[in-house]
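Reader: I have a structure open and would like to talk it through with you. Could you bring it up here?

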Amino acid sequence: NTGLLADDVAQKLQQCINLYDNIFIPNGSYYVGTTINIPSEKTIIGENVAKTIIKGGMTSGFIFQSVDKSYDITIENMTMYADNNKLCSGIYLQASSNTGLQHYDVTHRLSNINMNWLDIGIKIDSCVRGTWLNNIKVYKSKTGFNLLGTDNFVNDCVSGEIENEGYIIGANNMISNSKAFCCGSANGTSAMKLVGGCNGLS
């Protein structure tokens, strides 16, 4: 795949996700022109974090977005960036309310992902609980991690050269072995903004 607009794989990738529970993406560069919606109990794994490249071509929205109130989604081993310089975002795990949630702990897992030149790297809604984020690196974006959910675990993550906050953190989350540098350069914002209490930092 060339990763060019003419080779937009969004429709084919969405069809695969709708049909199969486990999706393997071989090494290559893939252009995605519309948001990919991911329902519950799906696993999307790239062959190599540096060689499986997802290029978002939207002027807004997210490359990957969970279906509202979904659970048990795994995304691993890939690089994601905006093909149009910070207009689209990376991954959005959404739950508009607790009503109708089949699992209180949604247990999403995001691991081994590099992100560059995005509006927001990762966004987690306030009703999303129990997500694991491991070894995720967001660089040269507007906002790194916008984690409004509770009881989520952030380990070995990096937010660097970010225009606004590197991390926006809700309540009762655990952040360990993670760092932020050169954040808040656009308007004097901080590397980390806490919008909820009882967070654990180590």
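Reader: How many residues of strand β5 (residues 52–56) are buried?
Author: This is a predicted model, in which local features need pLDDT of at least 70 and side-chain atom pairs count only at pLDDT 80 or more, while totals for chains, interfaces and linings use all residues. Residues are numbered from 1 along each chain as its sequence is written, and side-chain values use heavy atoms, with hydrogens and water left out. In β5, 4 of the 5 residues are buried, meaning under 20% relative accessible area with a 1.4 Å probe, protein chains only; strands are DSSP runs of E, at least two residues, numbered from the N terminus.

Reader: Which strand does Ile 54 in β5 face?
Author: Ile 54 stands opposite Tyr 30, and strand β2 (residues 28–32) runs parallel to β5, joined to it by 5 bridges; strands pair if DSSP finds at least two bridges between them.

Reader: And what joins β5 to β7?
Author: Those two also run parallel, with 4 bridges, and Gly 56 has Ala 82 in β7 as its bridge partner.

Reader: Switching topic, where does Asp 125 lie?
Author: Asp 125 sits in the loop between β10 (120–124) and β11 (132–139). A polar atom of its side chain lies 3.0 Å from the backbone nitrogen of Ala 95.

Reader: Which side chain of opposite charge is nearest to Asp 125?
Author: That is Lys 123, 4.6 Å away, and the buried Asp 125 has no salt bridge, a term that requires a side-chain nitrogen of Lys or Arg within 4 Å of a carboxyl oxygen of Asp or Glu.

Notes:
Buried means under 20% relative accessible area, exposed over 50%, partly exposed in between (1.4 Å probe, protein chains only). Lys and Arg count as positive and Asp and Glu as negative; His and the chain ends are not counted. A polar contact is a pair of N or O atoms within 3.5 Å; within protein, one must be able to donate a hydrogen and the other to accept it, and residues adjacent in sequence count only if both atoms are side-chain atoms.
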